[in-house]
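Here is a short report on one protein chain. Look at the whole fold before reading the details.

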Amino acid sequence: MCCPFSGDKAECCSTHLIDGDGTFNAAGLDGFMKAVKLAECGLSYAVVSIMGPQSSGKSTLLNHLFHTNFKEMDAFKGRQVSILSQTTKGIWMARCAGIEPCTIVMDLEGTDGRERGEDDTAFEKQSALFALAVSDIVLINMWCHDIGREHAANKPLLKTVFEVMMRLFSPRKTTLIFVIRDKTRTPLENLEPVLREDIQKIWDSVPKPEAHKQTPLSTFFNIEVVALSSFEEKEEQFKEQVANLRQRFYHSIAPGGLAGDRQGVVPASGFSFSAQQIWKVIKENRDLDLPAHKVMVATVRCEEIANEKYSAFVSNKEWCALEEAVKSQLVPDFGKKLSSMLETCFSGYDDETTFFEEGVRMAKRKQMEEKLLLLVQPAYQSTLEHMSSETLEKFNKAFESALSEGQGFAIASRNCKTSVMKLFDEQCKGAIIKQSEWDSSKVRDKLSQDIDAHIADVRNAKLSALSSQYESQLKELLNGPVEALLQAANDETWPAIRKLFKRETDAAVSECSSALSGFEMSEDSKKDFLSKLRSQARDIVENKAKEEAGRVLSLMKERFTTIFNHDNDQMPRVWTGKEDIRAITKTARSSSLKLLSVMAAIRLDGDAADRIAETLVLTLLDAKKGDKGSTANDPLASSTWDKVPASRTLITPVQCKSLWGQFQRETEYTVTQAITAQACLIFMLFFLIASLGSFQPFIQLFKFVHLEANKRSTNWLPPPWAIMALFILGFNEFMTLLRNPLYMILIFVTFLLLKALWVQLDIGAEFRHGFLPGILSLSAKFLPTVLNLMRKLSEQGQTPNNPRVERPHES
């Protein structure tokens, strides 16, 4: 309730704090505090209470002294004259208008009132204890005529005050102002000693705890005595005296003011909660421990304030925007912004709790700090992660750029890492939150590990690429030459391969060693890397040797065909009857066997010479007929070569024997074709001589072939089975030819020309590369070959027939 006091511009507000039934009006007190803005006062406020006998003019005194609007009673009619409808019941509270600092006054229900009865003293004790617990100044209203009387009305009241004071464990020093009402003509100087003597007697008579038996009254109370004239009889004098008393309440909490020591004062923001808890303890008839109560009030209020500040921070738009932004990107000046917001929050808490118990206030502040730091820590961690990611990305770009510019790997990695880590440290300083002691060392260590891991990955990739590069280079330098050397197998094949291997490997190792210098590898690591490179080179040669050994039969047949069908000038061989087929066959087989011996084992280490070639020649080429079926002393009946490790063996002895047998079977047809062609040519020439003795060119050709065949071969006739088959199967045809010599001449001439064309065009060799390439090659060679053959026949026809002169002509 708020109403203006007559003659004062300020408003006074009041509330019924505790009703007559002892119910505490918490909502009314909260509303009162908001109306008078008590919570903003801190410790700059004072509480004044008044107690005294029923109808002793307490409310009247307060209304004139503090410009309040408490209820008053008509002294003559016994009824109220104010706008309110009943006398004071319980405890009322109002703000004193026009007094600084903010002063709150409580009007207590009168003692020994007839309404409660003579024996009902519980409420007056409770209200007295409550007034002493919360008040700085207590006014005790008493009649002048009661001073010095044994049964005065104020003695039970004083006894009550002193008794309840003992229920406070550590009571604060309170100022008791005894207001003597309706002062008579007796001077105050005479009344005051009597009153003080009465007070001392009452104090001495009150039972005390053992700790306070010798404690003087002055320890607990400051005693003040004032006298006022009768309001009814001397109203103007009364008002003047009240006005003078009012002046003493200005700045009452200043040093030397009316207020006591104020050791147990509660900050204004906690007054409502404190008053509620004090009344609750009093109602429960428990002893009131004011220091503990002060700590409890500080605990509750500081926690409430801390929660309010925490909630305000959580809902702060600036914080919400910062929290959302930091989830997706690095926020510039993150630490500065967040530190400022936290500082604002903590400062607000400190301002509102500055007057509460220091230990409690700091403990709650620490709890609030922990909660707030726990709230903002994810944002801080996100910021560090963003910085770490950006730093790692910057390192990757800088490192790649440095390598592309030709810097050494170790120098580039070291310089780039130092640079970006320095940048990261600078960024961490900008992200520091002043209110925390967080350390970014874990994130820094993780970043350093990530950079080292990236360096290791790039290093491994670079070394792997370097290894692959030199492996490819060695393959290119070794595969072709080794293949050519193996296919042209001879006694110098493996020495040439070893020389090639050493030259190319040493060159690659030297070049690779220079490339590795930028990696600053340890000597052992560098040695291992180069050793692996040498092993790779060796593997290349060995794999190529194994590959060629896998198709050794094909290579042997190709070599045999090449030597058998071509002369020493690599010209296609024409089987005219003058060639020694046996010698040619042996030479071709010897060369093929040499190829097999070269392919049989790997000879890269240059150890003592093996005897593989000699063993193969003695066993396969020069073996006696009688020894072919015997295996008792067969050196090829084994799976290993003498003095050759199994790891270097490509073709075992038993495999060589098997391959040689297959080789002989597959090349026998070629030899047989050559022998048949030679025999048929001689036979047909012989038959031509018998039939056409006068056909001079063919006679000359027969003589030439016959003479050369006699020189080079003793086996110029066809096999006996061929002669017998000719006479038996071709007798009818032979008789037909004898009866028609023209057919014989035509057939023979056609055969001779086709055979000559076959040999000159080397049709078999041409079709080895495929049908279409063979046709194209033969079409280009056909006409020149026919013309050349006709020219030779013409020359033979023009040569004079001289049996004594025999000159060989090359065909």
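A crossing of two helices is left-handed if the near helix is turned anticlockwise from the far one by less than a right angle, and right-handed if clockwise. Helices here are DSSP runs of H or I with at least four residues, strands are runs of E with at least two, and both are numbered from the N terminus. By that rule, helix 13 passes helix 15 in a right-handed crossing. Their contact involves 13 nonpolar, four polar and five charged residues. Nonpolar covers Ala, Val, Leu, Ile, Met, Phe, Trp, Tyr, Cys and Pro; charged covers Asp, Glu, Lys and Arg; the others, Gly among them, are polar.

The model is predicted: local features need pLDDT of at least 70, side-chain atom pairs count only at pLDDT 80 or more, and totals for chains, interfaces and linings use all residues. Residues are numbered from 1 along each chain as its sequence is written, and side-chain values use heavy atoms, leaving out hydrogens and water.

Now the whole chain.

| Feature | Value |
|---|---|
| Helices and strands | 25 helices and eight strands |
| Buried residues (under 20% relative accessible area, 1.4 Å probe, protein chains only) | 44% of the 811 residues |

Next comes one residue. Arg-573 sits in the loop between helix 16 (552-565) and helix 17 (581-599). A polar atom of the Arg-573 side chain lies 3.3 Å from the backbone oxygen of Ile-563.

Key: Buried means under 20% relative accessible area, exposed over 50%, partly exposed in between (1.4 Å probe, protein chains only). A polar contact is a pair of N or O atoms within 3.5 Å; within protein, one must be able to donate a hydrogen and the other to accept it, and residues adjacent in sequence count only if both atoms are side-chain atoms.
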